[in-house]
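The sequence and the structure are shown first, and the notes follow by topic.

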Amino acid sequence: MRSVETQNWLSAISLTLTIPDICGALETPNARNGVRYKRWFTEWMEPNYTIVLPKIGPHVFLSADNCWALRCSYLHAGSTEIRPQNIELALRAFHFIEPPNNGNIVHMNQLADGLLQIQSDKFCEEMITAVKEWQACIKDKPEIQARMSKLLQIHNYVPMIKY
């Protein structure tokens, strides 16, 4: 959230895209990373990106496959173009948008050419909300809690005493 608050969008998006990796690994450590990422995203985030259109039915703006492809392209190559992925995708690229100064929301605008606009702060906030909901569901699962206790931590500096 600090990256969102300071409008450090590249950091915020990078960290946000890694959350399904971490949560998925805590739940199913023996599954392949793409499988666990997509499973976690499908359950906890995809409903935020799905609407039911009259006479058409459900439309998913950002699927688990698309987010996995975005994660791979962005974290490994710094790109939001997802064509190089080996899966059939409805989207070809993403545009992350800064929040407009006028308070309007420009989140989840899908253009006809396969481009999805995502408002940076909304994407990060939705992921944080999903993690909080997930944490509430796994609080009574000791095996996940044990793995969680082994996550990287930043410790306070304590000077070493030299003898």
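In the hairpin formed by strand 1 and strand 2, three residues lie between the strands, and Lys 55 adopts a positive phi near 65 degrees. The model is a predicted one.

- Strand 1 covers residues 50–53 and strand 2 covers residues 57–60; the two pair in the antiparallel sense over four bridges.
- Thr 50 has Val 60, in strand 2, as its bridge partner.

- Helix 4 consists of 14 residues and spans 19 Å from its first C-alpha to its last, which is close to the 20 Å expected at 1.5 Å a residue.
- The helix is mostly covered, with 10 of its 14 residues buried.
- The buried residues of helix 4 are Ala 64, Asn 66, Cys 67, Trp 68, Ala 69, Leu 70, Arg 71, Cys 72, Ser 73 and Tyr 74.
- These buried residues pack against helix 2, helix 3 (33–44), strand 3 (93–97) and helix 5.
- Arg 71 is located in helix 4, which runs over residues 64–77.
- Arg 71 counts as buried because its relative accessibility is 8%, and buried means under 20%.
- With residues up to four places away in sequence not counted, Arg 71 touches Leu 17, Asp 21, Asn 33, Tyr 37 and His 76.

**Val 106 in its loop**

- Val 106 is placed in the loop between strand 3 and strand 4 (109–110).
- The relative accessibility of Val 106 is 22%, and therefore Val 106 counts as partly exposed.
- Apart from neighbours within four places in sequence, the contacts of Val 106 are Ile 97, Pro 100, Gln 117 and Gln 119.
- Val 106 and Leu 15 are separated by 91 residues in sequence and by 21 Å in space, C-alpha to C-alpha.

**Largest pocket**

- The volume of the largest pocket is about 270 Å³.
- Its lining is made up of Ile 19, Ile 22, Cys 23, Leu 26, Val 131, Trp 134, Gln 135, Met 148, Leu 151 and Leu 152.
- Helix 2 (9–27) and helix 5 (120–138) each contribute at least two residues to this lining.
- Helix 2 provides the largest share, four residues.
- By class, the lining of the largest pocket comprises nine nonpolar residues, one polar residue and no charged residues.

**Second largest pocket**

- The second largest pocket holds about 190 Å³ of space.
- Met 1, Arg 2, Ser 3, Val 4, Ala 12, Leu 15, Thr 16, Ile 19, Cys 124 and Ile 128 line the second largest pocket.
- At least two lining residues come from each of helix 1 (2–5), helix 2 and helix 5.
- Here too the largest share of the lining, four residues, is supplied by helix 2.
- The lining of the second largest pocket divides into seven nonpolar, two polar and one charged residues.

Technical notes. Residues numbered from 1 in each chain as written. Predicted model: local features only at pLDDT ≥ 70, side-chain atom pairs only at ≥ 80, totals over all residues. Heavy atoms only, no water. 1 Å grid on protein atoms, 1.4 Å probe; cavity = no way out; pocket = protein on both sides within 12 Å on 5 of 7 lines; lining within 4 Å. Points joined across faces, edges and corners; volume = space filled by probe spheres on them. Nonpolar A, V, L, I, M, F, W, Y, C, P; charged D, E, K, R; others polar. Buried < 20%, exposed > 50% of the residue type's maximum accessible area, 1.4 Å probe, protein only. Contact = heavy atoms within 4.5 Å. Expected span 1.5 Å × (residues − 1). Pairing = 2+ DSSP bridges.
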